[in-house]
Amino acid sequence: EDLHMKRKWASAVIASAMAVMMVTGMAGCGSDESGKTDTPAAEETENTETPQETEEPDASSGTSDSKDAVTIVYNTNNGDMAKWDLEGLYDGEINWVGYAENELDNKILLEMTTGAQSFDMAITPASGAKQFGSLDLLEALEPLDDMDDIFEGNVDQHSLGEDLYGYPLTGDAMIMYVNTKMWEEAGYTEEDVPKTLEEYREKAIHLTMDSSGKRGDEEGFNKDDIVQWGTMFMGGSVVGNPYELGTFAYSNGAKYIEKDFDNNSCEVVCNSKEFVDTLQFIKDLSDVDHAMPEGYVGYDYNEVDAQWISGKIGLFINWPYMLDRCEGTDMEGNVKVYGLPAGTSGKGISPLGGWSVNVFKDAPHKEEALKVAKILASKEANFNYCALQGSSTARKSVLEQQNEQYKKDGKEMRLAVNEAYFASVQNGVEMDLAQTNAASTDCQQTAAQYINMALTGQISCQEAMDQLKPELEEILETNDYMQGN
């Protein structure tokens with residue numbers, strides 16, 4: 001009966017995934033007309049594709065097409081996994097197959113639930129292990145010998161009860177970035193760094209400037225001739241959208257879903273006053289305060305990165321990886337990082353993110369895949385992975401190793417990122433929308449569509465969240481997530 005239910009979930013998720021892929025594709029086509037004239041082109045790398053309407057996998061260099069190779073599917077936004085330094089750790093062959101983030105989950109669902117057995121392993125984001133584990137697609141993993149080295153929250157988010165479905169690699173929490181060049185030109189000092197979201201808004205308005213040098217809070221400011229903006233928001237129809245909004249919402253005491261773990265029940269509360277006010281706060285930063293670039297609603301990770309390294313954004317809340325994108329650009333040496341500004345809850349609260357290594361239950365090379373998974377999750381491989389990604393680690397010992405290396409190399413900014421990350425992790429919470437097992441992808445992508453509808457003015461923020469609520473309720477019910485049984 002349990003397996004029958006999981007197959008029922010899988011069928012429902014496949015259908016919803018196909019529908020969302022169609023909707024997302026249409027949204028992507030339409031985004032070219034949303035005014036992204038001021039957006040620098042996403043930086044192209046040899047093996048990374050811009051995540052728009054890409055159906056063919058990324059052919060990463062250095063991979064193997066041998067039938068004996070272990071095949072690992074991953075997200076191309078994280079770069080070319082064939083460059084992951086595994087020398088001395090694994091001498092077998094790996095076939096890396098990359099997809100853009102807004103395609104990765106759907107590809108895994110469509111391939112593995114139909115019995116295609118295309119992949120042995122995956123590297124998935126925070127919700128992946130629970131989502132695919134609940135669909136009976138993943139092999140439960142043996143605990144590592146040094147599990148106590150991994151931050152507890154990162155173990156929990158990749159587990160279902162006592163079963164571990166993902167070995168943690170990275171442990172993400174949002175931090176605040178400050179463009180120090182714009183900051184100092186505005187006359188601000190360290191004492192002015194925003195401690196609250198309202199201060200964040202005030203600073204963002206002042207940092208915004210038109211071509212004549214008038215600032216956003218000065219008389220005569222020309223909103224139609226802006227050359228630099230105080231902040232931005234990732235509005236693209238990818239999972240980063242609900243995560244970023246979640247950071248502001250959680251800090252204001254709001255949630256997407258209120259969960260009662262004792263009674264295995266939940267209530268969708270995305271239309272609460274606190275949540276709607278948070279969404280309106282973001283919309284007003286653009287429409288009323290003119291502190292965001294035109295077209296921000298369509299930004300995905302690549303476009304956000306490109307806009308930030310252009311040096312024309314003053315403040316931004318994002319994952320720790322973004323510092324790595326600044327190296328070799330005009331932003332190198334012009335960035336400082338801090339913990340999150342507090343919302344009305346009195347705290348700055350980040351949803352926890354991070355990536356894990358998973359092994360598919362129907363893996364063609366399961367025995368070897370299980371061996372590879374442990375190797376990729378080892379301290380040595382984890383250190384190299386985080387160095388490649390510019391990511392924060394899920395391991396305590398690797399965090400210490402990073403800090404020692406940064407001190408030795410004089411990389412003060414890297415130390416500051418780890419400090420800001422560690423501070424945010426202390427107040428980190430599960431991403432309630434994403435940690436919904438089999439319902440995860442559908443919940444996130446559906447929320448992204450309604451968030452964008454509000455931000456683009458198609459409907460009001462209240463209407464968007466009122467309409468999202470029954471959609472989420474139906475998705476959760478279809479997937480039997482916390483239905484009180």
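## A predicted model and its packing

Trp308 touches Tyr177, Val178, Asn179, Met232, Ile313, Gly314, Leu315, Phe316, Met322, Cys326, Met331 and Val335, leaving out residues up to four places away in sequence. Touching, or contact, means heavy atoms within 4.5 Å. This is a predicted model, in which local features need pLDDT of at least 70, side-chain atom pairs count only at pLDDT 80 or more, and totals for chains, interfaces and linings use all residues. Residues are numbered from 1 along each chain as its sequence is written, and side-chain values use heavy atoms, with hydrogens and water left out.

**The cores**

Trp308 also belongs to the largest nonpolar core, which has 83 residues. Tyr256, Trp308 and Met465 touch the most other members of this core. Helix α16 (residues 461-478) gives the core its largest share, 7 residues.

Two terms need cut-offs here. A nonpolar core is a set of buried Ala, Val, Leu, Ile, Met, Phe, Trp, Tyr and Cys residues joined through side-chain atoms within 4.5 Å. Buried means under 20% relative accessible area, exposed means over 50%, and partly exposed lies in between (1.4 Å probe, protein chains only). In soluble globular proteins, nonpolar side chains tend to be buried together.

**The whole chain**

The protein chain has 485 residues, and 59% of them are buried. Its secondary structure comes to 16 helices and 15 strands. Helices (H or I, at least four residues) and strands (E, at least two) are DSSP runs, numbered from the N terminus. Take the chain's contacts between residues at least 6 apart in sequence: 74% of these join residues at least 24 apart.

**Helices around α16**

Two packed helices are described by the angle between their axes and the distance between the axes. Axes are lines fitted to C-alpha atoms, for helices over the stretch in contact, and angles run from 0 to 180 degrees between N-to-C directions.

How do α15 and α16 cross? Their axes come within 9 Å and cross at roughly 165 degrees. The two helices are therefore roughly antiparallel to each other. (Angles under 35 degrees count as roughly parallel, over 145 as roughly antiparallel, 65 to 115 as roughly perpendicular and the rest as oblique.) Their crossing is right-handed. A crossing is right-handed if the near helix is turned clockwise from the far one by less than a right angle, and left-handed if anticlockwise. Residues of α15 in this contact include Asp442, Tyr450 and Ala454, while those of α16 include Cys461, Met465 and Leu476.

Helix α8 (residues 273-287) packs on α16 at an angle of about 130 degrees, with the axes 9 Å apart. That makes α8 oblique to α16. From α8, the contact uses Phe275, Val276, Leu279, Gln280 and Lys283. From α16, Cys461, Gln462 and Met465 take part. This crossing, too, is right-handed.

Ile459 sits in the loop between α15 (440-455) and α16. Ile459 touches Met453, Ala454, Ala464 and Gln467, not counting residues up to four places away in sequence.

**Helix α12 and strand β15**

Helix α12 (residues 379-389) has these buried residues: Ala381, Asn382, Phe383, Tyr385, Cys386 and Gln389. They pack against β4 (121-125), β7 (167-168), α10 (322-326), β15 (355-359), α11 (366-376) and α13 (396-409). Just after α12, Gly390 takes a positive phi of about 70 degrees.

Strand β15 holds Ser356. The side chains of Ser356 and Asn358 are joined by a polar contact of 3.0 Å. A polar contact is a pair of N or O atoms within 3.5 Å; within protein, one must be able to donate a hydrogen and the other to accept it, and residues adjacent in sequence count only if both atoms are side-chain atoms. Leaving aside neighbours within four places in sequence, Ser356 is in contact with residues including Ala122, His158 and Leu169.

**Loop residues**

Thr76 lies in the loop between β2 (70-75) and β3 (94-99). A polar atom of the Thr76 side chain is 3.5 Å from the backbone nitrogen of Ala100. Gln117 is in the loop between α2 (101-112) and β4. Asn264 is in the loop between β11 (257-260) and β12 (265-268). Gln117 is not a glycine, yet its phi is positive, near 50 degrees. Asn264, also not a glycine, has a positive phi near 50 degrees.

Which residues are buried, and which partly exposed?

| Residue | Relative accessible area | Class |
|---|---|---|
| Ser356 | 0% | buried |
| Thr76 | 1% | buried |
| Ile459 | 16% | buried |
| Asn264 | 26% | partly exposed |
| Gln117 | 40% | partly exposed |
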